[in-house]
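Me: I have a model open and want to learn to read its features one at a time. Can we go through it together?

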Amino acid sequence: MKIGVLSFQGGVIEHINQIKALGHTPIEVNKASNLDNIDGIILPGGESTTIGKLLNITGLMNPLREKIKQGLPTWGTCAGMILLAKDIESQDESYLGILDVNVRRNAFGTQLDSFKSYKIIKEVSDNEIELVFIRAPIITKAGNNVKTLCKINDNIVAVKHKNILATSFHPELTNNTSFLEYFISSTMY
């Protein structure tokens, strides 16, 4: 299976390494033609403002939005969640704007406030999963058809809707591939 990773900035190599570890083929996506030969795409963590600008500069924003609307399995981690969100608090415009959620940037604080948590997420694994939060957003409101997968301190930090998975945290920064396996099995088959 060919899994794209939006490759402008952020946690690109970590996702690529996990894709390879599961025996799939990673494809770096940085132009519209890269979207033609992938079975799914990961929008990694990083700086959502920078990634959003690069999506516009490269002309990738609209083709990516259309592919996702047409059913391309998509997983946004941290900044990727912000890129997917329909509404971003304290910001007039969204980026891709296709996931029916409102997000708040840096909801847990600054880089210095980064933390790890451990949680069993029944849909994903029967075992505890390490959740790494770095300047992470939270979902402050989710649409009726958006399924909440995980909360931390009553804050929504993982959701799924049709072909879209979004997490506030960074599973790619751990040795656990449960979330990638879940993404592949729940959205691609």
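Me: Which backbone oxygen lies 2.9 Å from a polar atom of the side chain of Thr174?

Reply: That of Pro171. Keep in mind that this is a predicted model. Thr174 sits in the loop between strand 12 and helix 5.

Me: Is Thr174 buried or exposed?

Reply: Buried, at 9% relative accessibility. The cut-off for that label is under 20%. Leaving aside residues up to four places away in sequence, Thr174 touches Gln18, Glu130 and Val132.

Me: Gln18 is in a helix. How do I read the sides of a helix?

Reply: Start with the geometry. An α-helix has 3.6 residues a turn, so residues three or four places apart point the same way. Now helix 1, residues 12–21: Val12, His15, Ile16, Gln18 and Ile19 are buried there. These residues cover an arc of only 165° around the axis, so they are on the same side of helix 1.

Me: Which exposed residues does the face turned away from the buried side of helix 1 carry?

Reply: Lys20 and Ala21. After helix 1 comes Gly23, with a positive phi near 85°.

Me: Which residues are buried in helix 2?

Reply: Helix 2 covers residues 48–57, and its buried residues are Ser48, Ile51, Gly52 and Leu55. Their arc around the axis is only 100°, which puts them on the same side of helix 2. Lys53 and Ile57 are exposed on the other side.

Me: What do the buried residues of helix 2 pack against?

Reply: Three elements: strand 1 (2–6), helix 3 (61–69) and helix 4 (79–84). Look just after helix 2 as well. Gly59 has a positive phi there, about 75°.

Me: Next, aromatic rings. What describes a pair of them?

Reply: Two numbers: the distance of the centres and the angle of the planes. In this structure there are six aromatic pairs. Take Phe169 and Phe179. Their ring centres are 5.3 Å apart and their planes stand at 75°, so this pair is edge-to-face. The label applies to angles over 60 degrees.

Me: Where do Phe169 and Phe179 lie?

Reply: Phe169 is in the loop between strand 12 (164–167) and helix 5 (178–187), while Phe179 is in helix 5, so the pair ties together parts 10 residues apart in sequence. Both rings belong to buried residues. Phe169 has a relative accessible area of 0%, and Phe179 is at 1%.

Me: How do the rings of Phe179 and Tyr182 pair?

Reply: With centres 6.3 Å apart and planes at 80°, they too are edge-to-face. Phe179 and Tyr182 are three residues apart in helix 5, which means about one helical turn separates them. Tyr182 is buried, as is Phe179.

Me: Which residues do the ring pairs link into a cluster?

Reply: Trp75, Phe115, Phe133, Phe169, Phe179, Tyr182 and Phe183.

Me: Which parts does the pair of Arg104 and Glu89 tie together?

Reply: Arg104 lies in strand 6 (residues 99–104), and Glu89 in the loop between strand 5 (85–88) and strand 6, so the linked parts are 15 residues apart in sequence. Arg104 is partly exposed, at 36%. Glu89 is partly exposed too, at 31%.

Me: Glu130 came up as a contact of Thr174. Which side chain meets that of Glu130 in a salt bridge?

Reply: That of Lys116, at 3.1 Å from N to O. Lys116 is in strand 7 (residues 115–120) and Glu130 in strand 8 (residues 128–133), 14 residues apart. Lys116 is exposed, with 52% relative accessibility.

Me: How far apart are N and O in the salt bridge of Glu123 and Lys147?

Reply: The distance is 2.0 Å. Glu123 lies in the loop between strand 7 and strand 8, and Lys147 in strand 10 (residues 147–152), so this pair ties together parts 24 residues apart in sequence. Glu123 is partly exposed at 36% relative accessibility. Lys147 is partly exposed at 43%.

Notes
Residues are numbered from 1 along each chain as its sequence is written. This is a predicted model: local features need pLDDT of at least 70, side-chain atom pairs count only at pLDDT 80 or more; totals for chains, interfaces and linings use all residues. Side-chain values use heavy atoms; hydrogens and water are left out. Rings of Phe, Tyr and Trp (its six-membered ring) pair if their centres lie within 6.5 Å; planes under 30 degrees apart count as stacked, over 60 as edge-to-face and the rest as tilted. Helices (H or I, at least four residues) and strands (E, at least two) are DSSP runs, numbered from the N terminus. Buried means under 20% relative accessible area, exposed over 50%, partly exposed in between (1.4 Å probe, protein chains only). The arc is that of the directions from the helix axis to the C-beta atoms. A salt bridge is a side-chain nitrogen of Lys or Arg within 4 Å of a carboxyl oxygen of Asp or Glu. Contact means heavy atoms within 4.5 Å. A polar contact is a pair of N or O atoms within 3.5 Å; within protein, one must be able to donate a hydrogen and the other to accept it, and residues adjacent in sequence count only if both atoms are side-chain atoms.
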